[in-house]
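User: Hi! I have a structure open here and would like to talk through it with you. Could you help me with a few quick questions?

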Amino acid sequence: FVQSLYLIFSLNDDLMEIIGLSLYVSLTALFLATLIGLPIGALLATKKFVGSNILNIIINAFMGLPPVVAGLFVYMMLSRSGPLGLLGLLYTPEAMIIAQSILIFPILAALSRQIVEDLNNEYDELFRSLKITASRRIKTLLWESRVSLLTVLLAGLGRAIAEVGAVMIVGGNIEHSTRTMTTSIQMEISKGNLELAMALGIILLFLALAINLMMHFVKNL
């Protein structure tokens, strides 16, 4: 444990590299999933169309998507024999970003839909009286529910940064390239290098605690 703390406070190069890559992958995945998930969630909350109920069911079901299944899907798409194999993205950070985005997109879409739908029901008569367009309504609802949506984003970040199965499949856990905190912990334990594994575990636990504290703070705003 003392050696693990020494690695942390001495800013060990390997440790910092792994942490930096993990944060880059997870934050980028969160950004991409947010760009798609929040507008879709808001659209489903404010507009009923053919197939909207089915889409809601699918999104809710995919909230529990096993990470290894998402990893397998991305692997098949990016492998040499897959439709996107020519891009050469397999075993790169970009492949891990795609896998994490797929995992957290349903969470953001489903939770944001519920939040925006509740607010939309509350202000529906006001919007109708002002004859606000559908796009303006969605923008207004997203802005007014920004505090609650921030909690949703933090939940998505927590899911992404703790992911191991999907990123292991599409990233390959390559040293100095695709090695994240979770995959490194798994590998270092198998090698018997408990100092680095414990150091990464402490950082991961600290990040999880920080995310939960931020969620608690946001809820009480």
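User: How far apart are glutamate 188 and lysine 191 in helix 9?

Analyst: They are three residues apart in helix 9, so about one helical turn separates glutamate 188 from lysine 191. Their side chains meet in a salt bridge, at 3.8 Å from N to O. Bear in mind that this is a predicted model.

User: How many salt bridges does the structure hold?

Analyst: It holds four. Among them is one between aspartate 124 and arginine 128, at 2.8 Å from N to O. These two residues are four apart in helix 5, so they too are separated by about one helical turn.

User: What else does aspartate 124 pair with?

Analyst: Aspartate 124 also forms a salt bridge with arginine 137, where the closest N and O atoms are 2.9 Å apart. That pair links distant parts of the chain, with arginine 137 in helix 6 (residues 134–144) and aspartate 124 in helix 5, 13 residues apart. Taken together, Asp124, Arg128 and Arg137 are linked in a network of salt bridges.

User: Changing topic: what does the overall fold look like?

Analyst: The chain has 10 helices and zero strands. Its C-alpha atoms fill a box of roughly 65 × 45 × 25 Å along the principal axes. Of its 221 residues, 43% count as buried.

User: I'm looking at helix 2. What span does it have?

Analyst: Helix 2 covers residues 13–46, which is 34 residues, and reaches 49 Å from its first C-alpha to its last. That is close to the 50 Å expected at 1.5 Å a residue.

User: Where is the kink in helix 2 centred?

Analyst: The kink is centred on threonine 34, and the bend is about 35°.

User: And what does asparagine 12 do at the start of that helix?

Analyst: A side-chain oxygen of asparagine 12 reaches to within 3.1 Å of the backbone nitrogen of aspartate 14.

User: Now threonine 178. Where does it lie?

Analyst: Threonine 178 lies in the loop between helix 8 (165–171) and helix 9 (181–191). With a relative accessibility of 1%, threonine 178 counts as buried.

User: Which backbone atoms does its side chain contact?

Analyst: A polar atom of the threonine 178 side chain lies 2.6 Å from the backbone oxygen of glycine 171. The side chain also reaches the backbone nitrogen of isoleucine 174, at 2.8 Å.

User: Isoleucine 174 again! Which residues form the nonpolar patch on the surface with Ile174?

Analyst: Leu72, Tyr75, Met76 and Tyr91 form that patch with Ile174, and together the patch has about 450 Å² of accessible area.

User: Last one: where is tyrosine 91 placed?

Analyst: Tyrosine 91 is in the loop between helix 4 (67–78) and helix 5 (93–130). At 36% relative accessibility, tyrosine 91 counts as partly exposed.

Technical notes
Residues are numbered from 1 along each chain as its sequence is written. This is a predicted model: local features need pLDDT of at least 70, side-chain atom pairs count only at pLDDT 80 or more; totals for chains, interfaces and linings use all residues. Side-chain values use heavy atoms; hydrogens and water are left out. Patches are made of residues with over 30% relative accessible area and no salt bridge: like charges are joined within 9 Å, nonpolar side chains (Val, Leu, Ile, Met, Phe, Trp, Tyr) within 5 Å. Accessible areas come from the Shrake-Rupley method with a 1.4 Å probe; for residues, only the protein chains shown count as cover. Buried means under 20% relative accessible area, exposed over 50%, partly exposed in between (1.4 Å probe, protein chains only). The expected span of a helix is 1.5 Å times one less than its number of residues. The bend at a residue is the angle between axes fitted to the seven residues ending there and the seven starting there. A polar contact is a pair of N or O atoms within 3.5 Å; within protein, one must be able to donate a hydrogen and the other to accept it, and residues adjacent in sequence count only if both atoms are side-chain atoms.
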